[in-house]
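My entries follow in the order in which I looked things up.

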Amino acid sequence: MNALEIHDLHKTYANGHQALRGIDLEVEQGEFFALLGPNGAGKSTCIGIVSSLVRKTSGEVRIFGDAIDRDPIAAKSHLGVVPQEFNFNIFEPVEEIIANQGGYQGVPPRQVRQRTEQLLRELDLWDKRRVQARELSGGMKRRLMIARALIHRPRLLILDEPTAGVDIELRRSMWDYMRRINEQGTTIILTTHYLEEAEQMCRRVAIIDHGRIVTNDRMKHLLRQLDCETFVLNAREPLGQLPPRIGPFALRRIDEHTLEADLPKPHSLNELMHALDGLGIAVDSLRNKSNRLEELFLRLTGKPLETEQNA
Amino acid sequence: MSRYRRYWIAYATITRREILRFARIWVQTIVPPVITVALYFLIFGNLIGGRIGRMDGLPYVDFIMPGLIMMAIITNSYANVVSSFYGAKFAHHIEEMLVSPIPNLVILLGYMSGGIARGMAVGLAVTLTSMLFTEVRAEHALLVLLVALLTSTLFALAGLINGIFAKSFDDVSIIPTFVLTPLIYLGGIFYSIDLLPDFWQTLSLANPILYMINSFRYGFLGVSDIDIGPALAVIVGFILLLFAIAMTLLNRGTGIRT
């Protein structure tokens, strides 16, 4: 059974804006699925409809077979949501926010108490359980929302930019936790601006643009479509004149010590280094100019995906 | 576990949360109406009341007592729901409930119960305060309790409807200031409508709060400007109407779902 099925989903807002123009999407049970798209592409609307915060104009959404309009109670009982913005009562203590969510989900109080302790310990918030949510750091607030979303053990977890504003170390520990949950059987749908995360975590990815799904495939199939990567290289010695191309590799001089090189498939980085060596250029360090997924995104939609740096 | 058991847990959670919300800030929610009513008793009851004389054959301080308690119940049951519901919309934590498998009826009943709880808690505190100023004791205690419950139910529902429509904090205060307060003051707290000219007397009958105050006064003092049976029927009729409106709005997602 699919965890999520979306068929011909349309959404037109009251101001006439067409946010979704016929989305079709299927997420298999147990998947770690990425939904990517630039701001305004429609992914938040899509997630909003799945989580019942936004009313669809037409189309069908099923969560584990239960249609959100015909049996919303059953459909919502499968779902946990970690939204992008903080949406808890900042004046409530941490444990109360989680316990209330357990109550809304109909979890008996004794189980709520047990699970609250377990989740708060796992997410390193146990010491903060009696602290008002407004006193937590940004990272702690994110973890609080994750704990809250998991209190009823949902079969489908939607993570909408869950690591935005979280430092790298904490982000890694959060992803380890998510991976564990996924391995235990929870289906996860993720939207993120950190494309490396999507690349590392998700087996499948859908890219949404202008309210339409432009691609929906396994991550490795998509990345295989990339026939060229661009690297930024730092030269040890000042660069002189550069030829525009050396063999299959296009070169561009950026400044005295920096150049860019295009590496087309099937050529390897070793070949590029060898060619540069032939020009007498010794390379101190290099980095991928853009994330591979970002490059793919650019190719499919014709525009860059806003990252946290340039959004 | 059955759906209905889950709904009960959700209802109990919302109600408990609502009660904790106003109980935690009792200095802002319980104490002010007590002080206000004490001042009314002091000024209108003890200082000016003596000069006014008797109203409907009763000492003036006794006459105003049920109306003042009713005023506290009305304003607090209304304020509890409108501020809590709009606050939840404003801070987006209403989404916690909207994404959960809770029928709208349970959300409505939960907020309504919170409003009733505050109305009754304040009503009790104000009643105890009034006993310092009058020696009135309820002649029909069950009727007093029933009217207090029905009135707080009605205004909790009205507060919910206001909260559903509210788009700013101004919207939260407009109805209480420009509609509720005039209706309360013109609902016969301080006077018997028999004192009014015929036209204003007839117009007063269109004010639902008149029925609540008079029913309540009958429960305490055994006197009323209007018959109790029709008065209770009017209150129940308004409750049913507001309940239907609130349910329709929640089912449509007005103000809470885009």
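**Chain A overall.** I began with chain A and found 10 helices and 15 strands in it, where helices (H or I, at least four residues) and strands (E, at least two) are DSSP runs numbered from the N terminus. I noted that this is a predicted model, in which local features need pLDDT of at least 70 and side-chain atom pairs count only at pLDDT 80 or more, while totals for chains, interfaces and linings use all residues. Residues are numbered from 1 along each chain as its sequence is written, and chains are lettered from A and ligands numbered from 1 in the order in which they are written.

The C-alpha trace of chain A spans about 70 × 45 × 35 Å along its principal axes. Of its 311 residues, 42% are buried, a residue being buried if 20 or more other C-beta atoms, placed from the backbone, lie within 10 Å of its own.

**Confidence.** I then looked up pLDDT, the predictor's confidence in each residue, from 0 to 100. Its mean for chain A is 86, and 95% of the residues reach 70 or more. Over residues 307-311 of chain A the pLDDT is below 50, and this stretch has six contacts in the model beyond near neighbours in sequence; two residues are in contact if their C-beta atoms, placed from the backbone, lie within 7 Å. Where pLDDT is low, the predicted coordinates should not be read in detail.

**Contact between the chains.** I found that chain B gives 23 residues to the contact and chain A gives 23 residues. On the side of chain B that touches chain A, the elements giving two or more residues are helix H1 (3-24) and helix H6 (95-98) of chain B, and H1(B) has the largest share, with eight residues.

**A helix pair in chain B.** I next followed helix H7 (residues 104-130) and helix H12 (residues 228-252) of chain B, whose axes come within 9 Å and cross at roughly 130°. Asn104(B), Leu105(B), Ile107(B) and Leu108(B) in H7(B) meet Ala246(B), Met247(B), Leu250(B) and Asn251(B) in H12(B).

**Pro66(B).** Last, I looked up Pro66(B), which lies in helix H5 (residues 60-90) of chain B. Is Pro66(B) buried or exposed? Pro66(B) is buried, because 29 other C-beta atoms lie within 10 Å. Leaving aside neighbours within four places in sequence, Pro66(B) is in contact with Ile213(B), Phe216(B), Arg217(B), Phe220(B) and Leu221(B).

Conventions:
Axes fitted to C-alpha atoms, helices over the stretch in contact; angles between N-to-C directions. Buried ≥ 20, exposed ≤ 12 C-beta atoms within 10 Å, placed from the backbone.
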